[in-house]
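Hi,

Here's the structure I promised you.

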Amino acid sequence: MNSTISTDSSISVAANWLVVLLSDSQPLTSPILDLDSAASGTISSLFETEQFSGKALETLVLPRCAGVTAKNVVLAGLGEVQACSVRKLRHSLLAALRLCCCKANQTVAVVVEDSVVNLLGPVTVAEVFADAVEVAATDTDIYKSKRARSGFASATLCLPQASDDALAALSRGSITGQSCVIVKDLVNRTANDIYPETFADEASKLAKQFGLEVTVLDEKQLEAERMGALLAVAQGSSRPARMVKLAWNGAGKEGEQIALVGKGVTFDTGGYSIKPSDSMISMKSDMAGAATALAAIVAAARLKLPVNVSAYLGLAENMISGNAYRLGDVLTARNGTTIEIHNTDAEGRLVLADVLTYAVDEGAQKIIDLATLTGACVVALGDEVTGMFPNNEQMAAELTTAATSVGEYVWPMPMHEHFEPLLKSSVADCKNVGPRWGGAITAAKFLQKFVADTKWVHLDIAGPSWTDSSKAWCDAGATADPLRTLVEWLQIQSNNTSV
Ligand code: BES
Ligand code: MN
Ligand code: ZN
């Protein structure tokens, strides 16, 4: 989509919609003050009569606003100026934009209070704007005959100045936003539609479209690789497993090798340790890690980042049948580690185990894995925070920086060695689950066995990748969180190599 910056006054911008983002502070300040004067004090009188207060996420549609060229005005609150953040700006912008794309071919302009532009910087505002313009129109009506929203015909950000940096931020934001849409659509599609083979097809299509190398390993090749853990998870399903590798080599032969490893369980029934219906209902989303890794490498290619990054997607469906794996089974992972199964619902770590050793053997020097791995992580951190489990402090610090600058939440979790013996088995090298307490950490400790001493961070995204309830800024369903953090982290890596 076509996002632009205009230095013209928002009073005279021709558009179906003018979104006005403003704080709760009174009296009004530039450029909202001028807009208010042009509209004969409409905005200030709404504040006076307490019909609008400017609190975060508040929206008010004003159809026809005399003195303003745009057909409709949407006031959108940002709360207190000093408390405004990238996250708040994105959420308020999305809340407003979602009101403006209920009809096809709409044009939209956005103006933001100067104090907020000054606080966050015009470059950040431009990036968040272009990203939100892409994401706003996503809905969850994939299977309905009529969709709730459709993409904008054009989107204009009114800024006092249009620098080259702000223009570059627009195109970065559009690319990141479009990658968010890739994640959301893949995760929201159902498990009878997206299963290992069709997920691999979608990945291959994107690879062709954006110039990535792609390799798909089918079940024969996975057997040849001795991926006994991944294959055990898949063996209960009539849908065979796949592993997809995508590569973007933007840094040349000498560059560092980065791997993104994604859990792609296209449906998780729990297997014989079956989930109750209430927990199973959303398990089409158990491939969010793979979808996020895929969309991140697409963004890296489109941004032409000078980094070498590969995405490895472990794709399997965890089902029940006469062929399914059982409790007590002992599996042999690709690296020879034997695993006693104490719970068939702890399947994600089995899928990842084999894919992680594959990435290590291919020469990965830094690995980030993404997985909707444990309910325990959601209990610990709630449903908007990614759990971060590092074996390397520098990567953890960089990811924290990246998350902060894009307005997503990641939080470090302990990886002390006393968790290690909790995975001891009396019959095999280890078992696949520990005790109830610290379940997200023992899951991470299990994964650690398969990365050797490669620099690595495990991200448990079971909470933030999905929302059960609709929000002003997002339908219930996939969120694409923490895709932006990953893209930002890859950008940090490219800055590291270019200095
Ligand atoms: N896919 C689930 C984790 C999950 C839970 C994701 C809630 C999203 C929302 C994972 O495969 C799982 O079932 N984990 C088990 C692990 C347990 C058996 C040790 C869990 O969290 O209960
Ligand atoms: Mn499970
Ligand atoms: Zn799972």
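This is a predicted model: local features need pLDDT of at least 70, side-chain atom pairs count only at pLDDT 80 or more; totals for chains, interfaces and linings use all residues.

Below is what turned up around the ligands.

Residues are numbered from 1 along each chain as its sequence is written, chains are lettered from A and ligands numbered from 1 in the order in which they are written, and side-chain values use heavy atoms, with hydrogens and water left out.

Now the zinc ion (ligand 3). Its protein donors (N, O and S atoms within 2.8 Å of the metal, or 3.2 Å for Na, K and Ca; water is not among the atoms, so sites may look incomplete) are Lys263 (NZ), Asp268 (OD), Asp286 (OD) and Glu347 (OE), at 2.0 to 2.4 Å. Along the sequence, these donor residues follow the spacing K-x4-D-x17-D-x60-E. The six donor atoms subtend angles of 78 to 175°, so the arrangement is octahedral (six donors, opposite ones over 155 degrees apart and all others between 65 and 115). Asp268 also coordinates the manganese ion (ligand 2), which is 3.1 Å from the zinc ion.

The Asp268 side chain has an N or O atom 3.0 Å from an oxygen atom of ligand 1, and a polar side-chain atom of Asp286 is 2.8 Å from a ligand 1 nitrogen. At Thr372, a backbone N or O atom is 3.3 Å from a nitrogen atom of ligand 1.

Cheers

Notes
A polar contact is a pair of N or O atoms within 3.5 Å; within protein, one must be able to donate a hydrogen and the other to accept it, and residues adjacent in sequence count only if both atoms are side-chain atoms. Four donors count as tetrahedral if all angles lie between 85 and 135 degrees; four count as square planar and six as octahedral if opposite donors are over 155 degrees apart and all others between 65 and 115; anything else is irregular.
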